[in-house]
Amino acid sequence: MPVVVVESPAKAKTINKYLGSDYVVLASYGHVRDLPAKDGSVDTANGFDMLWEVAPDSKKHIRAIVEALKTDDTLILATDPDREGEAISWHLQEALASTIKKGKKVSRVTFNAITKEAVTEAMKHPRQVDQPLVDAYLARRALDYLVGFTLSPVLWRKLPGSRSAGRVQSVCLRLIVEREMEVEAFRAREFWSVSAVLNTPRAQEFEARLTVLGGRKLDKFDIPTVEAAELAVQAVTSRTLSVLSVEAKPASRNPYPPFMTSTLQQEASRKYGMGAKACMSAAQRLYEAGHITYMRTDGIDMAPEAVTAARAEIGKRFGPAYVPDAPRIYKNKAKNAQEAHECIRPTDLGVAPAELRLSERDQQNVYELIWKRTIASQMAGARMERTVVEIGSADGQVGLRANGQVVLFDGFLKVYEEGRDEDVEDEGRLPQIMQGEAAVPKKGGFEAAFKKQADAAGKDDFDLIEAKSALRRVPSAVISPDGAILASQSHTQPPPRYTEATLVKRMEELGIGRPSTYASVLTTIVDREYVRKDKNRLFPEDKGRLVTAFLTNFFRRYVEYDFTADLESQLDDVSAGERDYKEVLARFWRDFSAAIAETADLRIGEVLDKIDDFLSPHLYPLREDGSDPRICTTCGTGRLHLKTSRSGGAFIGCGNYPECRYTRPISGEEGGSVDGRVLGLDADGVEISLRAGRFGPYVQKGEATEEAPKPPRASLPKGWESASLTLERAIELLSLPRQIGPHPEDGVMVESAIGRFGPYVKHGPVYANIPDVEEVFTIGMNRAVEVLALKAAGRRGAAVAEPLRALGEHPGGGPVQVMPGKYGPYVKWAKVNATLPKELTPEAVTLEEALALIAEKAGKSGKKPPARKAAKAPAKPAAAKKPPVKKAVVKKDAVKKDAAKAPAKAAAVKKPVVKKTAAKAAVSEDVLDD
């Protein structure tokens, strides 16, 4: 029986079902070999020979294939139909060389979809491994290795705190950083627009915008101030208007081409907020299940049989009017045709999203996108009518324009319309309007809009000035006396920050990387903490800015968009067999190694000065008083500079150090401080300070000394704002772990604390998570025993005991109950547990008495629990606000306890080991960024 090897076990299972018992189908589980994560794996002195190593996890998979080949003479490599799949087949062939030598037959097959028809047809057309595709893979792998293992150590030495650089990732990062710098340098410009609500003689209203004033066509900034806006409103109000012309033009829209990898990622981001990685993961599972064709492709052409099936499905579902006269043909724009496969489409177009039962929401969404886009791509175009109405005064001094659109035939829009990266105003439908007829301002047409602006400005009376005869004005709007003409203030907007969709689109436009690699590149820069995602927007972190500034100053050529795109073009030529990959490597390495050598004598101070100048608009923004933004606000004489801290990070510090100790984070406000914004003194007179570390903000008690090199520290929990942190809260945080009391069963101390996985209670070796950080500081014994019992019983979240009595509703919302407890009965409301005094029995306690006990308990804790069912319930002071915050890593419990209880345990957590591991991981992952 022939042995068939594919990448994944899911794929192997499906293909085995199609091929039957005449074949043995095994999985390689991805790549079986890779370059070892050490210097010398690519020998630049000997023709770029590569030292490959079989991964430990892959050895058992190789053994399984070898065992199968002992009784079978045929090996069929059926990995994915792209460059990476070709490379996996080549690696398998090389790793099995000793076994294959013994008269075995080896062939390569590819199929674009995992269906029975596609798989069995592919088996009829075997071929050999495509060496040009393998060479393209080898070139990319060697380039990524050389950049990662050569440039990353330079970063570590010259820019402390940096993690790594990559051939494509660094260019991608540069795009995000430069866009952020554009946003920061942007200065808004004010402008006003004037609109009118008009009535036709048939009392049908429509809206028009002022386009001509004083007989001259208006440009965007021709009404720059509120005074000019008032004059414009008066000009329109004082004139009689009529319709000068009505022009209706036919228009049409054709459907979008079917998906390729990059457009699928963009649309999944726009419509569902899915990251590129999540999108490709869902598509991978759909492909392996046989629902869609191969999802890593640069092609948009569709197989003839699929086009025929799509047209038939359109006619069946929507009628013959939606089927165009001729099939739509989309030409592939990818240069490297060897890597451009068919578009991404369903394998069976007759299976609509509602008819395909998928358990995972991501898969449902991705399949729906693919099915609708594929069907729409073969549908008739949409037909519309666009109408432009010109309105003006008899003297020609004032002119307005109304635009409208009517869809005459929806065509492909019945199924699918592409998402938009930015909001765009849609043209509305206009009523019947005839040339020459009057256009009368509608009284009160804009009253609601003006009231909204007035409410926002806090002007309840609209600042009325003779409302029947004069204009009314608020800071952002001016309205005519009859409420029909409105001038609205606007400001120009900065360029939008990238989303994953717009970043992928921009990279594709520039020719940076390849669509099939975008997901891994984006994941890398987020994992490296160079970039963070907030509300689907990409923001550069300080670490990412520093790396970009370093590379732009010292390795500018290698982060230039044209250079990277040209290198991709050369690699495409290798794929096509038109260029020798070793020549590409030699040309790159000659110049790159020389650039590396030029940095050997660079001093860190010189590097920081260059970066300081490059980032100065970000580091030292203009001050409102116009003073020099580099002058220290503390001493008034020193100049601020970029400096490196002991932890490896960077910060802004005063040049008069040590006389002036002013410091602040790179992205912090001027009053901030990296090396200790003092919050106050504790009861022993020791300073409590707020600091910024590589894992986020933390509080520290005292300073490091020879006797105590690690003073007590505690990271701020997620949701805590460093700007609003008080001394009392910091002392509470540093006091953890908090002793609740001895357990009623065995007397072992029960504690509450915050660990790497969040807040918890502990009893001996048993740890039980609690949902709210604030509860760590207030949880009582009854509640703690309840949580621990749930953990021990394996029933997290289930009720432990039934209430003894229900007393009624709390004024803040939620029931008040009497519960049985280890320390005796207690009353419970939300997360407040108050033990009943001995003189009160569960049967006799009243709601009023219970409320008094609850209020007393809540008062002692210094907070009130939230009421989830009533709007008037008191809110938590600290945890109620949950703005997006930078990911903070809570330090291990051993570090928190080291000063008081367990110095030996704290010593066991050795930072050098962590850094070494992180450094190794940084390189090993980074060289795979493309």
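A salt bridge is defined here as a side-chain nitrogen of Lys or Arg within 4 Å of a carboxyl oxygen of Asp or Glu. The model is predicted, so local features need pLDDT of at least 70 and side-chain atom pairs count only at pLDDT 80 or more, while totals for chains, interfaces and linings use all residues. Residues are numbered from 1 along each chain as its sequence is written, and side-chain values use heavy atoms, with hydrogens and water left out.

Select Arg473 and Glu227 to begin. Their closest N and O atoms are 4.0 Å apart, forming a salt bridge. Arg473 belongs to strand β16 (residues 472–474) and Glu227 to helix α8 (residues 226–237), so the pair ties together parts 246 residues apart in sequence. Helices (H or I, at least four residues) and strands (E, at least two) are DSSP runs, numbered from the N terminus. Arg473 is partly exposed at 35% relative accessible area; buried denotes under 20%, exposed over 50%, and partly exposed the range in between (1.4 Å probe, protein chains only).

Next, select Lys372 and Glu368, whose side chains meet in a salt bridge (3.0 Å, N to O). Both lie in helix α12 (residues 361–377), four residues apart, and are separated by about one helical turn.

Finally, select strand β30 (residues 758–763), where six of six residues are buried. Strand β29 (residues 749–755) runs antiparallel to β30 and is joined to it by six bridges; two strands pair if DSSP finds at least two bridges between them. His763 in β30 stands opposite Val750, and its bridge partner in β31 is Val766.
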